[in-house]
Amino acid sequence: KEAEYIIVNDLKGLEKLKGSKYIDTKKNNIFNAVKDLLGQDELVLFVGVPCIVAAMHKVVGRPDNLITCELICHGPTLPKVHQEYVDNLEKKANSKITDFSIRYKKNYWTPPYLQAKLENGQIFEEEFYHTEYGYAFGMMAKEVCYNCKFKGNNRTGDLMVGDYWGVTKDDKSWNEKGVSIIFAETDKGNSIIKELQTLQRFKLFNSNFEEAVKGNPMVIKSRSKQLNYEKYKKMFTEKGLFYSYKK
């Protein structure tokens with residue numbers, strides 16, 4: 001029913017961190033928890049949207065044992081979108097959801113699918129942007145996201161990652177299952193990428209900043225409000241996700 005920041009310290013735990021969360025996320029006690037780990041000389045990788053990464057640096061500074069990785073952020077939509085969608089799906093299926101993804105790769109990198117696995121064995125799949133959830137994400141973000149302070153040169157992480165939108169089948173880095181972009185933003189980030197180059201599990205290709213942001217403009221600018229944003233938001237607030245989508 002929600003997304004939240006957690007700490008994991010084993011490979012099994014990493015499974016919980018996979019997949020995209022397109023809603024505003026509960027922070028819990030994550031800042032103090034990370035601060036405590038850093039104080040115990042633990043090496044910490046913190047992954048989050050740029051404003052939360054900036055907040056982490058505000059709390060803990062830039063110790064050597066902290067690596068921060070920002071996600072290319074379009075601005076999360078409201079948690080109520082996720083909650084209403086999940087509630088409706090469980091009600092229709094008369095079963096609880098056990099696994100949920102809004103960027104499931106059904107066949108190829110695109111289009112992304114929303115996939116829900118249920119306790120009764122059912123699997124629900126639909127193209128994400130054809131769902132009420134996908135429409136709401138495209139239409140409505142948190143208000144502050146329309147004037148984000150952490151774009152362009154105000155990014156604070158060691159690394160930034162996301163989908164490399166704009167890459168084509170003619171590029172040597174093309175992969176039908178998806179291509180990621182990694183920006184090194186500090187010397188620490190650059191040294192990590194050099195380390196990755198020594199591992200056989202990665203295929204890394206050089207690009208330049210201008211090419212990378214052509215398909216990823218959200219690296220440098222905030223999202224804009226859609227033409228019917230105010231009308232949709234008012235309707236969503238008063239009548240909910242499904243009513244506003246149909247209208």
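Helices (H or I, at least four residues) and strands (E, at least two) are DSSP runs, numbered from the N terminus. The structure described here is a predicted model, in which local features need pLDDT of at least 70 and side-chain atom pairs count only at pLDDT 80 or more, while totals for chains, interfaces and linings use all residues. Residues are numbered from 1 along each chain as its sequence is written, and side-chain values use heavy atoms, with hydrogens and water left out.

The confidence of the predictor in each residue is expressed as pLDDT, on a scale from 0 to 100. The chain has a mean pLDDT of 94, and 100% of its residues reach 70 or more. Among the elements of the chain, the lowest mean pLDDT, 90, belongs to helix α1 (residues 11–17), whereas the highest, 98, belongs to helix α2 (residues 30–39).

Asp41 is placed in the loop between α2 and β1 (44–48), and its phi is positive, at about 65°, although Asp41 is not a glycine. With a relative accessibility of 69%, Asp41 counts as exposed, where exposed means over 50% relative accessible area, buried means under 20%, and partly exposed covers the values in between (1.4 Å probe, protein chains only). Asn28, in the loop between α1 and α2, likewise has a positive phi, of about 50°, without being a glycine; Asn28 is partly exposed, at a relative accessible area of 46%. A further backbone feature is the cis peptide bond that joins Thr110 and Pro111, with omega about -5°, and Pro111 is found in the loop between β3 and β4.

The packing of helices α4 and α5 can be described next. Two packed helices are described by the angle between their axes and the distance between the axes. The axes of α4 (residues 79–93) and α5 (residues 132–139) come within 10 Å of each other and cross at roughly 170°, the axes being lines fitted to C-alpha atoms, for helices over the stretch in contact, with angles that run from 0 to 180 degrees between N-to-C directions. The two helices α4 and α5 are therefore roughly antiparallel to each other, on a scale in which angles under 35 degrees count as roughly parallel, over 145 as roughly antiparallel, 65 to 115 as roughly perpendicular and the rest as oblique. Val81, His82 and Tyr85 of α4 meet Glu132, Tyr133 and Ala136 of α5, contact meaning heavy atoms within 4.5 Å. The residues of this contact comprise 4 nonpolar, 1 polar and 1 charged, where Ala, Val, Leu, Ile, Met, Phe, Trp, Tyr, Cys and Pro count as nonpolar, Asp, Glu, Lys and Arg as charged, and the others, Gly among them, as polar.

Helix α5 is largely enclosed by the rest of the structure, because 6 of its 8 residues are buried. The buried residues of α5 are Glu132, Tyr133, Gly134, Ala136, Phe137 and Met139, and they pack against α4, β3 (97–104), β4 (113–118), α8 (229–239) and α9 (241–246). Phe137 is also one of the residues in contact with His74, together with Met218 and Arg223, when neighbours of His74 within four places in sequence are left aside. His74 is placed in the loop between β2 (66–71) and α4 and is partly exposed, at 35% relative accessible area. Although His74 and Arg223 are 149 residues apart in sequence, their C-alpha atoms are 6.3 Å apart in space.

Gly157 lies in the loop between α5 and β6 (159–163) and counts as buried, at 1% relative accessibility. Beyond its neighbours within four places in sequence, Gly157 is in contact with Val53, His57, Arg62, Thr68, Glu70, Glu185 and Thr186. Of these, Glu185 is 28 residues from Gly157 in sequence, and the two are 6.5 Å apart in space, C-alpha to C-alpha. Ser180, by contrast, is found in strand β7 (residues 180–184) and counts as exposed, at 56% relative accessibility; with the neighbours within four places left aside, Ser180 is in contact with Gly162 and Tyr164.

The structure holds 0 disulfides, a disulfide being a pair of cysteine sulfur atoms within 2.5 Å. Cys51 is in no disulfide, and the nearest cysteine sulfur, that of Cys148, is 6.3 Å away; Cys51 is partly exposed, with a relative accessible area of 34%. The sulfur of Cys145 lies 5.7 Å from the closest cysteine sulfur, in Cys73, which is too far for a bond, and Cys145 is buried, at a relative accessible area of 14%.
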